[in-house]
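This report describes selected aromatic, surface and overall features of a protein model. Please consult the sequence and the structure shown below.

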Amino acid sequence: GYIIPEQVIMEYDAGGNLVFFRWINPLSIDESNVASSISFDDAYGIFRENINFYKWMPPEEFALGDINIVEAPYVGDTLVIDEIRLSLMQARDKDNLDQFTITPVWDFIGYLHNSETGERWERGPYGLGRLSFLTVNAVDGSIIDRYIGY
């Protein structure tokens, strides 16, 4: 099943007093494992080498269990990347799915354009934010699949 990476739940009563606190999967800091980042040019080269091999499924097939995680009327015929961002991602450990590492990543964000209708699709999973079409691990240059977390 899906593991919640980290979550803090707090409930207050009408007087503003904390009545419930729960911290699920708290992060731990390991400062012995500080990493350097690959350059933009390296990340862009990895993107160009890998984007054509990345398989895009039609939205009706793009599901997690019984839950359709992407709602889109079509898949476009043109990929447009209009934002490239270096940020941090909470990535899963492949060997221990209950463990996560904050990892620097290069995200190639954009949208699919349908040339017949002029429509574009840029919503991410669950309608949250824009879609990263390829995420490159900025430490080692590997590709991270955001839907499985590593």
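## Aromatic pairs

Four aromatic pairs are found when the whole structure is searched; rings of Phe, Tyr and Trp (its six-membered ring) pair if their centres lie within 6.5 Å, and planes under 30 degrees apart count as stacked, over 60 as edge-to-face and the rest as tilted. One of them joins Phe-40 and Tyr-44, a stacked pair because the ring centres are 6.0 Å apart and the planes meet at 15°. The model is predicted: local features need pLDDT of at least 70, side-chain atom pairs count only at pLDDT 80 or more, and totals for chains, interfaces and linings use all residues. Residues are numbered from 1 along each chain as its sequence is written, and side-chain values use heavy atoms, with hydrogens and water left out.

Helices (H or I, at least four residues) and strands (E, at least two) are DSSP runs, numbered from the N terminus. Phe-40 is partly exposed at 35% relative accessibility, and Tyr-44 is partly exposed at 34%. Tyr-44 also forms a stacked aromatic pair with Phe-47, at 6.3 Å centre to centre and 20° between the planes.

Tyr-44 and Phe-47 are three residues apart in helix H1, and therefore about one helical turn separates them. Phe-47 has a relative accessibility of 9%, so this residue counts as buried; buried means under 20% relative accessible area, exposed over 50%, and partly exposed in between (1.4 Å probe, protein chains only). Phe-40, Tyr-44 and Phe-47 form one aromatic cluster together with Trp-106 and Phe-108.

## Nonpolar surface patch

Val-8, Met-10, Tyr-12, Leu-18, Phe-21 and Trp-23 make a nonpolar surface patch of about 630 Å². Strand E1 (7-12) and strand E2 (18-24) are the elements that each give two or more residues to this patch. Val-8 lies in strand E1 and is partly exposed, with a relative accessible area of 42%.

## Overall organisation

Of its 150 residues, 27% count as buried.

Terms used:
Patch = residues over 30% accessible without salt bridge, like charges linked within 9 Å, V, L, I, M, F, W, Y side chains within 5 Å. Areas by Shrake-Rupley, 256 points an atom, 1.4 Å probe, with all protein chains shown as cover. Salt bridge = Lys/Arg side-chain N within 4 Å of Asp/Glu carboxyl O.
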